[in-house]
Amino acid sequence: MAATAMLEPERPIVHRLPQHKYIDAVRWLPQLSPFDRFAVLATFDTDSGSSSIEIHSLKPNPLSLQSHSSFSSSSRVSSLRASQFLQKTVVAASTAAGSLHILFSDPADARFESEVSVPEEEGLHSVPGSCVDLMDGGVECVTVGEDGRVNLVSIGNSNLSYRRLFDSGGLVSYTAAKWASPVEFATGGYGFSLQWWDQRKPGGPVSQFKANWDQNFSAGIVHSIDIHPSRKHTCLAGGSLGTVFAWDLRWQQQPIMLSGAGAGAGNTGVQSISESEVWDVQYDRCIKSSATSTRILPAMICSEDGILAVIEQGEEPIELLAEPCAINSFDIDRHNPSDVICSLEWEAVAILTRQ
């Protein structure tokens, strides 16, 4: 058996926790102690039309989420990230209106204590829809948008400063971003395109991926990107039509298909677990795999048709959750990778513990 083959696990323990608001995104907060666990939720109240970013504490016996701290967002959150910065927890949220909020929480009790932002009138992005990724360590974030702008935002104790790294003038739209190193990051967009950026080489992306997809795939959109710290040369991407693929920078124009309705010709053995939008992808740190293997590391995905699953190159997908509504985001706990939190479109959060 190959070193990376996955054994069929026991079904995870699933807790569905109603929230009475639309859940746009969810992330675990960095764990400050083994006894306290917190998650940050981006919510939207359909009755009042208000958006908020909320910290919830995880309470055991019975498992529940308790509202801990809240911040009213100027617009609906389109992207959410969390990290640590100067001994504080930092949350970055981009909005549908193009603004950016950076929230700091007290490490002692995980309550929001300060906020800095780039308001929409400052023109970070000119059209609705933007994405943010926060660098590990929280010193800088990258924002991208469908307007073709790529911005780098430096985070201070009481202020933000940003510079425009690139502006395509709308000729290219960006829908996802992920840091690879303190000076490199990847972006994704329409046509299942991916771009690699290096701040040491200004002027535009240093490498681009745009395979010769068939006509059905030419309009596909990349919704999410992940990059494993041990394999910086490989970008994992998920998007339209259940498509999940990897781009190895050493083989520029050859996608490695992992899942998708159009995996088809030339990709025999590729299994497809979803045919709808894949909203989020992350490498699955819970499943051990050979670091020297040439195969793509196991990954977790969530989709518009309510699937949360683990996929691996050459293996049958493992379905963890199948819901009657979209699962629009999830997060794997870095400290306890057997624990997964995900947002269910119909006003609920699910927490899974894998055996």
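Me: Are phenylalanine 185 and tryptophan 197 buried or exposed?
Reply: In this predicted model, local features need pLDDT of at least 70, side-chain atom pairs count only at pLDDT 80 or more, and totals for chains, interfaces and linings use all residues. Residues are numbered from 1 along each chain as its sequence is written, and side-chain values use heavy atoms, with hydrogens and water left out. Buried means under 20% relative accessible area, exposed over 50%, and partly exposed in between (1.4 Å probe, protein chains only). By that scale, phenylalanine 185 and tryptophan 197 are both buried.

Me: Is the aromatic pair of phenylalanine 185 and tryptophan 197 stacked or edge-to-face?
Reply: Rings of Phe, Tyr and Trp (its six-membered ring) pair if their centres lie within 6.5 Å; planes under 30 degrees apart count as stacked, over 60 as edge-to-face and the rest as tilted. For phenylalanine 185 and tryptophan 197, the centres are 5.9 Å apart and the angle between the planes is 10°. The pair is therefore stacked.

Me: Which strands does the pair of phenylalanine 185 and tryptophan 197 link?
Reply: Strands (E, at least two residues) and helices (H or I, at least four) are DSSP runs, numbered from the N terminus. The two residues are 12 apart and belong to distant parts of the chain. Phenylalanine 185 lies in strand E15 (residues 184-189) and tryptophan 197 in strand E16 (residues 194-198).

Me: Why is the pair of phenylalanine 209 and phenylalanine 245 tilted?
Reply: Phenylalanine 209 and phenylalanine 245 have ring centres 5.6 Å apart. The pair counts as tilted because the planes stand at 35°.

Me: What is the relative accessibility of phenylalanine 245?
Reply: Phenylalanine 209 is buried at 1% relative accessibility. Phenylalanine 245 is buried as well, and its value is 0%.

Me: Which residues do ring pairs link into a cluster?
Reply: The structure holds seven aromatic pairs. Ring pairs join a cluster made up of Phe166, Tyr174, Trp179, Phe185 and Trp197.

Me: Which residue lies over the face of phenylalanine 44?
Reply: A charge sits over a ring if NZ of Lys or CZ of Arg is within 6 Å of the ring centre and within 35 degrees of the ring normal. Tryptophan 28 has arginine 37 over its face, at 4.5 Å from the ring centre. Over the face of phenylalanine 44, at 4.0 Å from the ring centre, lies arginine 76.

Me: How many disulfides are there?
Reply: A disulfide is a pair of cysteine sulfur atoms within 2.5 Å. The cysteine sulfur closest to that of cysteine 302 is in cysteine 342, at 7.5 Å, which is too far for a bond. By this rule, the number of disulfides is zero.

Me: Which residues have the most contacts inside the largest nonpolar core?
Reply: A nonpolar core is a set of buried Ala, Val, Leu, Ile, Met, Phe, Trp, Tyr and Cys residues joined through side-chain atoms within 4.5 Å. The largest one has 17 residues, and those with the most contacts inside it are Met300, Leu308, Phe330, Cys342 and Leu352.
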